[in-house]
Amino acid sequence: MSSVIGKNIRLSVFGESHGEAIGCVIDGLPSGIKLDMDFINAEMARRAPGRHKTSTPRKEADSPHILSGVLNGVTTGAPLAMMIENTNTKSGDYKDILTVPRPSHSDYPAYVKFGGNNDIRGGGHFSARLTAPLVFAGAIAKQILADKGITIGTHILQVGSVCDTPFDKIAVTADELTALSKKQFAVVDSAAEDKMCAEIEKYKKDLNSVGGIIECAAVGLEVGLGGNIFDTVEGRLSQILFGIPAVKGVQFGLGFGFAASGAKDVNDGYEIKDGKVALTSNNNGGVLGGMTNGAPLVLSVAIKPTPSIAAPQNSVNLQTMQNTTLEIKGRHDPCILPRAVPVVESAVALGILDIIME
């Protein structure tokens, strides 16, 4: 099992959903960075459970406790270690899952891989709760990137059949992205929130859950970041994005839309604007040949429905090797997207910072 990512900024995540604590170690951070703890805590609150009516009722303060790498609020250059205590666990809800795996969850392959020794309480180390340390690391990365004129923002593009207004891929601004981070339910079109909440409630009442799409953009990136072949911006960011539980697809710009298009319709042309080379469109999402091209970096992430639902599902008993029906107990999000917004943002921020550090 590998819980470490990054070439220049290395993030190691530890802990389990219902263990004593979760946390991370960040290696490679420059010294002399004054941490804005108010900003970091605000970012943590965006992801924390129990803050919105669409969220799981489990409440956790998600207050990060820094153990090393910071002195008088400033990074020292040593590895930064952080932990978050788990204070609201109900492990008894998961006592049957070791023998009856949840459909569409990690339970069965983890059972086989680790010989039944994996911590299954709340998903253990496979739980989306492990994204809290990622948000902490991403908040630090966003502070460093902001000093370099780089802004990252994210919104819920789709929940079930309900869609928000997509970003203008060529003209999205830093102000628009910053404004989204202030919203508890991040959508471009405010009218989309009520419709999405109604969609989530519909699935919740049916003892079900629903997936969707998150769209993320970064502006202020210089031309030429990244590399080709196996060191592309797309590859580096996709690796960290696929580390987020429930992410099943990542596309940049038009993505799979290129498949049914002709080059004349989707090629991004160039023009001279204000004395500089600029693009006339941004179907490639700001990346060409694996390198940034000066346009906004725009990507979208497909999130599958939360697999833990209360409706009866087909499963098996791994001890008796008999078919059975599973009704999952516990506290789960009927839609993970509202809380996944800052997680996607943080993943992209950390990935971009890692690339820039080269």
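I229 is found in the loop between β10 (212-219) and α6. I229 is exposed, with a relative accessible area of 62%. Exposed means over 50% relative accessible area, buried means under 20%, and partly exposed lies in between, with a 1.4 Å probe and protein chains only. I229 has a positive phi of about 55 degrees, although it is not a glycine. Most residues other than glycine have a negative phi.

This is a predicted model, in which local features need pLDDT of at least 70, side-chain atom pairs count only at pLDDT 80 or more, and totals for chains, interfaces and linings use all residues. Residues are numbered from 1 along each chain as its sequence is written, and side-chain values use heavy atoms, with hydrogens and water left out.

The loop between β10 and α6 also holds G220. G220 touches G149 and I150, not counting residues up to four places away in sequence. Contact means heavy atoms within 4.5 Å. G220 and I152 are 68 residues apart in sequence, yet their C-alpha atoms are 9.1 Å apart in space.

S104 also has a positive phi, of about 65 degrees, and is not a glycine. S104 sits in the loop between β7 (80-85) and α2 (107-113). At 52% relative accessibility, S104 counts as exposed.

Now the helix packing. Two packed helices are described by the angle between their axes and the distance between the axes. Axes are lines fitted to C-alpha atoms, for helices over the stretch in contact, and angles run from 0 to 180 degrees between N-to-C directions.

Begin with α6 (residues 233-241) and α8 (residues 337-356). Their axes come within 9 Å and cross at roughly 135 degrees. That makes α6 oblique to α8. Angles under 35 degrees count as roughly parallel, over 145 as roughly antiparallel, 65 to 115 as roughly perpendicular and the rest as oblique. α6 passes α8 in a right-handed crossing. A crossing is right-handed if the near helix is turned clockwise from the far one by less than a right angle, and left-handed if anticlockwise. On α6, the contact uses V233, R236, L237, I240 and L241. On α8, the partners are V344, A347, V348, L350, G351, I352, D354 and I355. The residues of this contact divide into 10 nonpolar, one polar and two charged. Ala, Val, Leu, Ile, Met, Phe, Trp, Tyr, Cys and Pro count as nonpolar, Asp, Glu, Lys and Arg as charged, and the others, Gly among them, as polar.

α8 is mostly covered, with 19 of its 20 residues buried. At 1.5 Å a residue, the 20 residues of α8 should span 28 Å, and the end C-alpha atoms are 28 Å apart, which agrees. The expected span is 1.5 Å times one less than the number of residues in the helix.

Helix α3 (residues 131-147) also packs on α8, at an angle of about 50 degrees with the axes 7 Å apart. That makes α3 oblique to α8. The crossing of α3 and α8 is left-handed. From α3 come T131, L134, V135, A137, G138, A139, A141, K142, I144 and L145. They meet P342, V343, E345, S346, A347, A349, L350, I352, L353 and I356 in α8. By class, this contact of α3 with α8 has 15 nonpolar, three polar and two charged residues.

α3 also packs with α1. The axes of α1 and α3 come within 9 Å and cross at roughly 140 degrees. The two helices are therefore oblique to each other. The crossing of α1 and α3 is right-handed. F39, I40, E43, M44, R46 and R47 in α1 meet T131, A132, V135, F136, A139, I140, K142 and Q143 in α3. This contact of α1 with α3 has eight nonpolar, two polar and four charged residues.

Two loop residues close the tour. L29 lies in the loop between β3 (21-27) and α1 (37-47). At 8% relative accessibility, L29 counts as buried. L29 touches I9, G77, L80, I140 and I144, leaving out residues up to four places away in sequence. L29 and L80 are 51 residues apart in sequence and 7.9 Å apart in space, C-alpha to C-alpha. R129 lies in the loop between α2 and α3. At 6% relative accessibility, R129 counts as buried.

Note on methods
Helix = DSSP H or I, 4+ residues; strand = E, 2+ residues; numbered from the N terminus.
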